[in-house]
Amino acid sequence: MRIPSNPPPPAPVSERSPARGAAEPAPRGRAALRPMVARDPAEEHRVSTPLECLFDLCFVVAVSQASTQWRHALAAGHLGTGLAGYTAVFFAIWWAWMHFTWFASVYDNDDLLYRATTLVQITGSLILAAGIPLVFAHGDFTVLAVGWGILRLGLIAHWLRAAREYPVGRSIALRYAGGLALCWAGWMLLLVAGNRLWPELAPVMVLAELAVPLLARRAGANPWHPRHIAERFGLFTLIVLGESVLASTGALQAALDGTRSGELDETAVGGLLTLFSMWWLYFARPAHRFLHSSRIGFAWGYGHLPVFSAAAAVGAGLAANVDRTTGHSVLSAHQAGAVFTVPVALFVAAVWVLQLRPHHAAAGSPLFALAAPVIAGLGFTPHPILGTGIAMTALTGLLVVTTGPAPGAVLIAEPDDDVSD
């Protein structure tokens with residue numbers, strides 16, 4: 001479908017949603033406690049709250065830990081175990097963040113109890129972050145599991161409160177609460193069993209986690225806000241990209257304290273061109289325009305796992321190349337190149353599918369379709385970082401030529417900028 005300039009706004013809920021026509025406007029007043037009811041999905045000027053921004057900033061501590069530990073694993077040549085640890089940790093980060101974000105889009109009433117419960121979750125995220133080094137160093141998930149459990153406890157409390165105070169959405173809320181509790185019990189049993197059953201049962205538990213929203217949705221769909229969801233995902237993407245900038249800057253600063261080299265200059269220039277292009281590509285078109293159903297919203301949200309994880313891994317890959325250049329890594333030149341170019345390629349492929357193709361933005365271009373494998377292959381060339389930066393800049397130029405020059409025109413949507421069927 002092509003998106004008209006001023007289409008009529010549909011409600012972003014399925015026909016089966018029990019909340020259709022029952023959503024409430026944004027909470028008003030200064031009451032310490034307010035009923036937790038679904039908010040209006042067509043509410044104007046809905047933006048991220050300061051509490052949501054604090055939630056994101058605390059979660060990015062865990063992202064930073066995962067990226068840093070991945071970099072250390074690369075420097076030591078532990079590619080297999082490091083990748084396994086990074087994948088497991090990032091799934092935990094992404095999944096916990098996702099659950100809160102979608103819940104808040106529907107039920108955020110910003111009262112005293114909601115804030116206190118969310119702060120409990122934030123505490124869990126910081127404990128989770130503190131446990132990440134142990135996962136990479138010893139395969140010990142105990143501290144991470146404690147943090148995950150506190151996050152999960154706060155989320156279940158949110159859903160149970162919504163079930164009690166919003167009868168229209170009770171069935172969905174109870175399915176979420178029950179499914180999340182059962183999955184948490186499964187993870188605890190797996191943790192107690194130790195390493196013996198982990199390789200076989202951990203993938204089963206991941207599938208069970210992913211199935212919880214899909215099973216809850218059989219009772220209907222919650223009336224989430226498309227502009228709010230698009231902004232929340234966009235802001236977290238921006239924060240994760242910022243973490244990559246910070247990681248790469250720190251690595252370059254440490255390198256420049258020693259002897260400067262042409263290879264470090266190439267790394268700096270190529271890294272900046274890549275990160276700037278990643279920002280441009282993601283924010284080139286507003287996602288809320290096509291988030292008009294729960295089916296599309298679920299697929300779009302799940303698809304952000306490679307976006308977030310790849311964006312964080314790019315900074316670690318750039319730092320790994322600095323480490324190799326300065327003699328602090330056992331990676332070969334091709335290995336160091338690949339750990340940078342492969343995450344960039346994954347990011348490009350995911351952004352094309354999630355953000356650009358729904359707008360028909362360069363969707364028919366063979367160059368754009370082939371960009372991801374070409375970028376991944378640059379890791380095996382003599383100049384992988386600079387080559388990737390040039391390729392990403394060219395890709396951004398292609399997008400500008402084919403669709404228009406406005407980068408990131410709508411991060412927070414304007415009130416008259418509506419979604420369409």
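**Cavities and charge pairs in a predicted model**

The model contains three cavities of 30 Å³ or more. Here a cavity is a set of points on a 1 Å grid over the protein atoms alone where a 1.4 Å probe fits but cannot get out; lining residues have an atom within 4 Å of a point. This is a predicted model, so local features need pLDDT of at least 70 and side-chain atom pairs count only at pLDDT 80 or more, while totals for chains, interfaces and linings use all residues. Residues are numbered from 1 along each chain as its sequence is written, and side-chain values use heavy atoms, with hydrogens and water left out.

The largest cavity has a volume of about 270 Å³, the space filled by probe spheres set on the points, which are joined across faces, edges and corners. Its lining has 18 residues, with W102, Y176, P213, N222 and F298 nearest the centre. Helix α2 gives the most, six residues. Helices are DSSP runs (H or I, at least four residues), numbered from the N terminus.

Now the charges. The structure holds ten salt bridges. Each is a side-chain nitrogen of Lys or Arg within 4 Å of a carboxyl oxygen of Asp or Glu. R161 and D111 pair at 2.5 Å, N to O. R161 sits in helix α4 (residues 142-165), D111 in the loop between α2 and α3, 50 residues apart. Both R161 and D111 are buried, meaning under 20% relative accessible area, with exposed over 50% and partly exposed in between (1.4 Å probe, protein chains only).

E209 and R152 form another salt bridge, at 3.0 Å. E209 lies in helix α6 (residues 198-216), R152 in helix α4, 57 residues apart. E209 and R152 are buried.

How values were computed:
On a 1 Å grid over the protein atoms alone, a cavity is a set of points where a 1.4 Å probe fits but cannot get out, and a pocket is an open set with protein on both sides within 12 Å along at least five of seven lines; lining residues have an atom within 4 Å of a point. Helices (H or I, at least four residues) and strands (E, at least two) are DSSP runs, numbered from the N terminus.
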